[in-house]
Amino acid sequence: MANRPYNFSAGPAVLPEEVLRQAADEMLDWHGAGMSVMEMSHRGREFLSICEQAESDLRDLLAVPEHFRILFMQGGGLGQNAIVPMNLSRGAEADFIVTGSWSQKSAEEAARYCQAGIAAATESGAHLSIPDPASWVLRPQASYVHLCSNETIDGIEFQQLPDLAALGSNASLVIDCSSHILSRTIDWSKVGLAFAGAQKNIGPAGLTIVIVREDLLGRAMSICPTVFNYKKVAEAGSMYNTPPTYAIYMAGLVFQWVKRQGGVAEMERRAIERSNLLYQFIDASNFYVNRVAPAARSRMNVPFALRDESLNEAFLAGARAKGLVQLRGHKSVGGMRASLYNAMPVKGVRALVAYMREFTVSHG
Ligand SMILES: *Cc1c(COP(=O)(O)O)cnc(C)c1O
């Protein structure tokens with residue numbers, strides 16, 4: 001097989017080659033079952049064992065306490081923007097911290113189901129930092145506070161989660177961690193619910209992971225579709241209806257891969273190494289720029305611009321020729337974006353930096 005390119009896509013995104021090979025080997029006959037995982041009943045012994053293993057590996061990897069339930073759902077991150085308010089808000093108040101495109105979308109969607117308030121926001125079109133939690137305007141009656149712990153488009157990451165109780169709030173913290181789950185630990189003492197679409201840092205699209213504290217179950221509004229009612233899904237062990245079986249299987253292979261690499265601590269070490277390489281190069285150059293406040297910079301998604309934007313197409317074409325693909329920035333931001341998820345080897349970032357240096361020489 002020809003060399004695979006380094007894929008910097010924001011999602012669906014690069015997966016570990018080892019995992020893809022294992023899935024290929026098991027495609028026609030999973031462990032002697034005589035069939036592919038795709039062909040199995042979701043209620044059969046074989047698939048149940050795959051699902052239980054995936055759930056328990058995820059619980060280990062993220063040190064999820066026993067009083068949290070892990071749900072395998074569908075509908076993606078955007079689905080959760082409606083599903084969370086339908087399950088947690090009782091149609092009353094919920095507060096939002098808007099630090100980028102995804103949290104903005106979450107607030108807008110939630111407003112269809114509850115009284116969504118903006119407790120803090122950076123300016124739209126200039127999401128470059130995280131407002132100090134001490135300045136957030138949290139309403140005492142809000143049932144939850146939503147934030148996006150890694151803004152995939154704007155390249156902004158919470159380096160630590162706020163302690164709502166210490167800010168005088170009784171609300172539960174909801175985090176959209178779609179694009180950095182499994183790249184760092186999560187302090188569950190601060191969190192009520194975490195959700196993530198799988199297609200960024202876990203596996204194929206189609207699976208949405210929800211990790212929810214048990215006492216938050218059973219509050220769904222009557223308009224909530226039963227398949228999206230967390231309590232029903234939890235009671236049915238994520239089998240209320242047919243779950244995305246193949247995506248769960250693939251996610252499970254990725255969880256085992258992460259374990260073999262050394263777990264989330266090792267993923268975090270690599271994320272720091274990769275992102276430091278790229279940010280240090282960008283900051284030292286007068287050819288490229290990243291405007292995000294250093295303390296809020298994402299380790300996973302690094303947006304950057306060429307100071308001379310007329311060179312954008314030449315930059316992308318040259319990158320493609322070197323096997324560095326999917327570097328075009330999101331249309332709302334422009335410029336470039338390198339997504340550096342768990343499956344991106346450090347070598348890939350070294351190759352990107354080498355190309356960026358070379359490009360400054362040939363076009364500087
Ligand atoms: C990709 C992404 C989403 C949207 O996920 P879908 O699965 O496309 O609905 C939501 N939030 C964040 C932070 C994302 O990166």
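1. Surface first. The protein chain shows about 15500 Å² of accessible surface, and 50% of it belongs to carbon and sulfur atoms. Accessible areas here come from the Shrake-Rupley method with a 1.4 Å probe, and for residues only the protein chains shown count as cover. Keep in mind that this is a predicted model: local features need pLDDT of at least 70, side-chain atom pairs count only at pLDDT 80 or more, and totals for chains, interfaces and linings use all residues. Residues are numbered from 1 along each chain as its sequence is written, and side-chain values use heavy atoms, with hydrogens and water left out.

2. Overall build. You'll find nine helices and 14 strands in the protein chain; these are DSSP runs numbered from the N terminus, helices being H or I with at least four residues and strands E with at least two. The radius of gyration is 21 Å, close to the 21 Å that the globule rule gives for 364 residues, so the chain is as compact as a globular protein of that length. That radius is taken over C-alpha atoms, and the rule is 2.2 Å times the number of residues to the power 0.38. Along its principal axes, the C-alpha trace spans about 60 × 60 × 30 Å.

3. Of the 364 residues, 55% are buried, where buried means under 20% relative accessible area, exposed over 50%, and partly exposed in between (1.4 Å probe, protein chains only). Take the contacts (heavy atoms within 4.5 Å) between residues at least 6 apart in sequence: 68% of them join residues at least 24 apart.

4. Charge. The protein chain carries 34 positive and 35 negative side chains, and the centres of the two sets lie 3 Å apart. For this count Lys and Arg are positive and Asp and Glu negative, while His and the chain ends are not counted. The place of a charge is taken as NZ of Lys, CZ of Arg, CG of Asp or CD of Glu.

5. S5 (144-148) is mostly covered, with five of its five residues buried. Tyr144, His146 and Cys148 point one way from S5, whereas Val145 and Leu147 point the other way. S3 runs parallel to S5 and is joined to it by three bridges (two strands pair if DSSP finds at least two bridges between them), and Ala94 stands opposite Tyr144. S5 also pairs with strand S8 (residues 172-176), again in the parallel sense, over five bridges; there His146 stands opposite Val174.

6. What covers helix H4? In H4 (residues 101-110), the residues Ser101, Ser103, Ser106, Ala107 and Ala110 are buried. Their cover includes helix H3 (76-88) and strands S3 (93-98), S4 (115-121), S5 and S6 (150-151).

7. The S11-S12-S14 sheet. These three strands form an open sheet in that order, with antiparallel pairing. S11 (288-289) and S14 (336-339) are the edge strands, each pairing on one side only. S12 (residues 301-306) pairs with S14 over four bridges. Val302 stands opposite Ala338, and Asn301 has Ser339 as its bridge partner. Within S14, Met336 and Ala338 point one way and Arg337 and Ser339 the other, and all are buried.

8. Most residues other than glycine have a negative phi, and most peptide bonds are trans. The peptide bond from Gly11 to Pro12 is cis, with omega near -10 degrees; Pro12 is in the loop between strand S1 (6-7) and helix H1 (17-25). Arg90, in the loop between H3 and S3, has a positive phi of about 55 degrees although it is not a glycine. Ser238 likewise has a positive phi, of about 65 degrees, and lies in the loop between helix H5 (230-235) and helix H6 (245-261).

9. Are those two residues buried or exposed? Arg90 is exposed, with a relative accessible area of 57%. Ser238 counts as buried at 6% relative accessibility.

10. One more loop. Gly75 is found between strand S2 (68-73) and H3, and at 47% relative accessibility Gly75 counts as partly exposed. Gly75 and Arg59 are 16 residues apart in sequence and 22 Å apart in space, C-alpha to C-alpha.
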